[in-house]
Amino acid sequence: MTASQSRHPVPRRTRYGSAPEQFGDLVLPAGDGPAPVVVLVHGGFWKASYGLDLMEPLRDDLCSRGLAVFNLEYRRVGRSGGGYPGTLLDVAAGIDALAGASFSRDVDVERVAVVGHSAGGHLALWAASRHLLPLGAPGASPRVVPTFVVGQAAVTDLEDAALDGLGSGAVRRFLDGTPDDRPDAYRVAQPAIGAVPTLLVSGDRDDDVPVAYPRRCAGIDGVEVLVVDGEDHFDVIDPAGGSWAATVTRLTGALRPTPRGDAEHADRADQKHSSEY
């Protein structure tokens, strides 16, 4: 593999279902043997008008750091099968596909992280807490349980988001009603924040998912909340941004030992750009 190829790996499209949106793009780092894997889940308020291309810059950056990356697509609101419960079932099936034979030589399913942005942050947090769902609930009994999860500008509380009208009513469209209309759907779809070690990262200028959402999770065991000064909703998925420098250090540290120099660099970046809660 050339240096150029390692910086821009060719994705291998892998299907986990028969619907057009049920696929993910896998990229592998240079080297042999199973690699730790990061599942990326894009946002867009669960709507069909957004796709996995939003996360491709992060995909390439993570792969250049020696990580396998599975950039996940799923059925969204506005497409057949999208919304509750289809969207949840797709994210569950896509992550569980990592335990299948087609991935066995490439990824280490004992070292899996999920990173999601915005509504994808909600889905990532939900995926990381699927093992706590009651039997029979959509997405219960996972084959793969992530060891770390990152919610970037994540929708952390569906009831609050529905009542606040977040995304011009996006939560109500996703769950086909209000919390009073659909209490069981809201109960199943609500992530258990802190089910695995968790990083919630947001910019203090986010007008789409206000920082009040992650800040309400401060103090939950196993949860770190990082608010980055001067960043907005989309800055957190910019691989050149200050929040990504801090995020990727925590992410790689959770999946493998982090060199001392990288940790010191991240600490300096945090002190300069961010405040923690």
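This is a predicted model: local features need pLDDT of at least 70, side-chain atom pairs count only at pLDDT 80 or more; totals for chains, interfaces and linings use all residues.
Visitor: Is helix H4 mostly covered or mostly open, and how many of its residues are buried?
Guide: Helix H4 spans residues 119-128 and is mostly covered. Among its buried residues are His122, Leu123, Leu125 and Trp126. The count of buried residues in H4 is 10 of 10.

Visitor: What is the phi of Ser118, and is this residue buried or exposed?
Guide: Ser118 sits in the loop between strand E5 (107-117) and H4. Phi there is near 60 degrees, a positive value in a residue other than glycine. Buried means under 20% relative accessible area. Ser118 has 2%, so this residue is buried.

Visitor: Which loop holds Ser141, and what is its phi?
Guide: Look in the loop between H4 and strand E6 (148-152) for Ser141. Ser141 is a residue other than glycine, and its phi is positive, near 55 degrees.

Visitor: Where is Pro85, and is the peptide bond from Tyr84 to Pro85 cis or trans?
Guide: You will find Pro85 in the loop between strand E4 (68-72) and helix H3 (86-96). Omega of the bond from Tyr84 to Pro85 is near 0 degrees, and the bond is cis.

Visitor: Which residues touch the most other members of the largest nonpolar core, and which element gives the most to this core?
Guide: The largest nonpolar core has 59 residues, and those touching the most other members are Val39, Trp46, Leu98 and Leu175. The element that gives the most to this core, with seven residues, is H4.

Visitor: Which residues does Leu175 touch, not counting residues up to four places away in sequence?
Guide: Leu175 is one of the residues that touch the most other members of the largest nonpolar core. Leaving out residues up to four places away in sequence, Leu175 touches Tyr84, Leu158, Arg182, Ala185, Tyr186 and Ala189.

Definitions and conventions. Residues are numbered from 1 along each chain as its sequence is written. Side-chain values use heavy atoms; hydrogens and water are left out. Buried means under 20% relative accessible area, exposed over 50%, partly exposed in between (1.4 Å probe, protein chains only). Helices (H or I, at least four residues) and strands (E, at least two) are DSSP runs, numbered from the N terminus. A nonpolar core is a set of buried Ala, Val, Leu, Ile, Met, Phe, Trp, Tyr and Cys residues joined through side-chain atoms within 4.5 Å. Contact means heavy atoms within 4.5 Å.
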